[in-house]
Amino acid sequence: MLDEVDLPGQANMEKGDKQEGDDVVFRGDDTEETVEGDDGHLQRNLKSRHLQMIALGGTIGTGLFVGTGGALSAAGPAGILIAYSLMGFVVYSMMIALGELTTLYPVNGAFTHYASRFVDPALGFALGWNYWYLYTITLPAELSAAAVVINYWQGAHGINPGVWIAVFLVTICAFNFTGVRAYGEAEFWMSVIKIVTIVGLIIGGIVISAGGVPGTPAIGFKYWHDPGAGIPGAKGRFLAFFSVFIQSAYSFIGTEIVALTAGEAANPRRNVPKAIQRVFWRIVIFYVLSVFIIGLIISPTAPGLVTPENYSAGSPWTVAFHDAGVKGLPSVINAVILIAAFSAGNSDLYASSRTLYGLACDGKAPKFFRRVNKRGVPYYAVGFTASFALLGFISCATTSGPGAIFNDFAGLAALCGLLTWAAILFSYLRFYYGVKRQGIDRSEFSYVAPMQPYASYFGLIFVLIVVFFNGFKVFMTGNFTGASFVLSYIIIISFVVLYACWKLYHKTRFVHLDEMDFETGRRELDEMSDAEQLAYEAPTTIPGKIFDWLF
């Protein structure tokens, strides 16, 4: 068992100095022992197959299954395809950068630690709390979406949505309090269901487009020019296209969760790169190809795409198969959407609680949040974060219903996610130039991000443009309201305030390239990786080799 290792969050301090919040605690252990010191530590109980499925389908939720309906209605089939493709490349650029950092330093807190270590501890503080807030508000958003999806079935009509929110919340809490293995196993099987469903829907969409359903004509590219984009005129088409970036960002949020699992993953140096390398295919198949097929089989003006009073009908897949006369399948699709909402909520609570735990280990949150029970669960962090899921019950007291609450929370979450991606990309660029300045050969790393630094520059600039101009609708004639302005920019303001407060109070310094510490903690991590690699037994049978390649 490895001893506890302190990884400094601020590498440019003078020897002998210590500043509160500058240490990240790495606890690496793949055994069943859980008690170490007073607080305990996380367990490395996530296996390779768990990581691969979490990376592939763990965060496929209502953003892809439901939110694409509103995006299609606004931008049309061409606009949604271009927007999702561009945002997909941004996410890929972020993930390959994060993959190099995570493989080198698979520590608790992941990117919050990298921001502190290679940029400024104040950025790590702001990023950590921003990321915690991201999933703290995404959880009630998914619960609200689940409550609306259930309303699709006649038997649920007349039942207060708070009942379904309570049922899902209790179940999600049960998985997260049981231990990371229970979370990983649940996500594995739910991800399998979601992936199989997405592939089936894509195939079914191709059949509908080609006229393969009896009684329906071939559609082809009909909806690409009739009616086209949702807003007329060149300016209208551009604004509609730009507005989809926020929705597409919400659909992609959660891709980075695989980095958080590195602190609880067996053999992260081997398994994390495998998970990262599958992100490209996940983006192409599950997102880009999905929105392409959606644009073929349903009109942007189709009734039910964006119906506030029954948001569950807003799933373009449900509407398309219903209009094609495929009986029974819309109910199956909605059942899978329900599973997707539950799965996303499960991941939300996991991600936010582990972020809070990492902040506590780093001295940037109260110390009691780092307490872990014998099952490796940071129970104070899980419980505190889960309490904010009660915000989902707001939908029971509003006349607009759960659908409107989902939209508001989703917009805020998208902005939090974009700021997180920007901070990750900036941290990587500082790391990249620090390595270069100190003459370290990146080719010796276990995983080397391709297309660098150009991919990271593209992703960073693109994200910042979307973040700062996301509220353009607020400034259009007759559209300005205080509420809409706050929803568009409060996240940016809060991020800046968090950064400034920590920097001014602790007087942190920007980490210079020559002073970056690339060695502390690497020896212990290398020893752990070597030990796990020696313990790894390569499969000898054909089925075993196939399973090993897949997972």
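## Aromatic rings and a few neighbours

Tyr105, Phe118, Tyr428, Phe431, Tyr432, Tyr433, Phe445 and Phe518 come together as one aromatic cluster. Before going on, note that this is a predicted model, where local features need pLDDT of at least 70, side-chain atom pairs count only at pLDDT 80 or more, and totals for chains, interfaces and linings use all residues. Residues are numbered from 1 along each chain as its sequence is written, and side-chain values use heavy atoms, with hydrogens and water left out.

Now for ring pairs. A pair of aromatic rings is described by the distance of the centres and the angle of the planes. Rings of Phe, Tyr and Trp (its six-membered ring) pair up if their centres lie within 6.5 Å; planes under 30 degrees apart are called stacked, over 60 edge-to-face, and the rest tilted. Searching the whole structure turns up 30 aromatic pairs. Among them is the edge-to-face pair of Phe188 and Trp189, at 4.9 Å centre to centre with 90 degrees between the planes. Phe221 and Phe292 make a tilted pair, because their ring centres are 6.1 Å apart and their planes stand at 55 degrees. Phe221 lies in the loop between α7 (180-209) and α8 (222-225), while Phe292 belongs to helix α12 (residues 279-297), so this pair ties together parts that are 71 residues apart in sequence. Helices here are DSSP runs (H or I, at least four residues), numbered from the N terminus.

| Residue | Relative accessible area | Class |
|---|---|---|
| Phe188 | 6% | buried |
| Trp189 | 51% | exposed |
| Phe221 | 47% | partly exposed |
| Phe292 | 22% | partly exposed |

What about cysteines? The disulfide count comes to zero, a disulfide being a pair of cysteine sulfur atoms within 2.5 Å. Cys173 counts as buried at 15% relative accessibility, and Cys416 is buried too, at 0%.

Last stop: Asn334, found in helix α14 (residues 329-361). Asn334 is buried, with a relative accessible area of 0%. Its side chain joins that of Thr318 through a polar contact of 3.2 Å. Such a contact is a pair of N or O atoms within 3.5 Å; within protein, one must be able to donate a hydrogen and the other to accept it, and residues adjacent in sequence count only if both atoms are side-chain atoms.

How values were computed: Buried means under 20% relative accessible area, exposed over 50%, partly exposed in between (1.4 Å probe, protein chains only). Helices (H or I, at least four residues) and strands (E, at least two) are DSSP runs, numbered from the N terminus.
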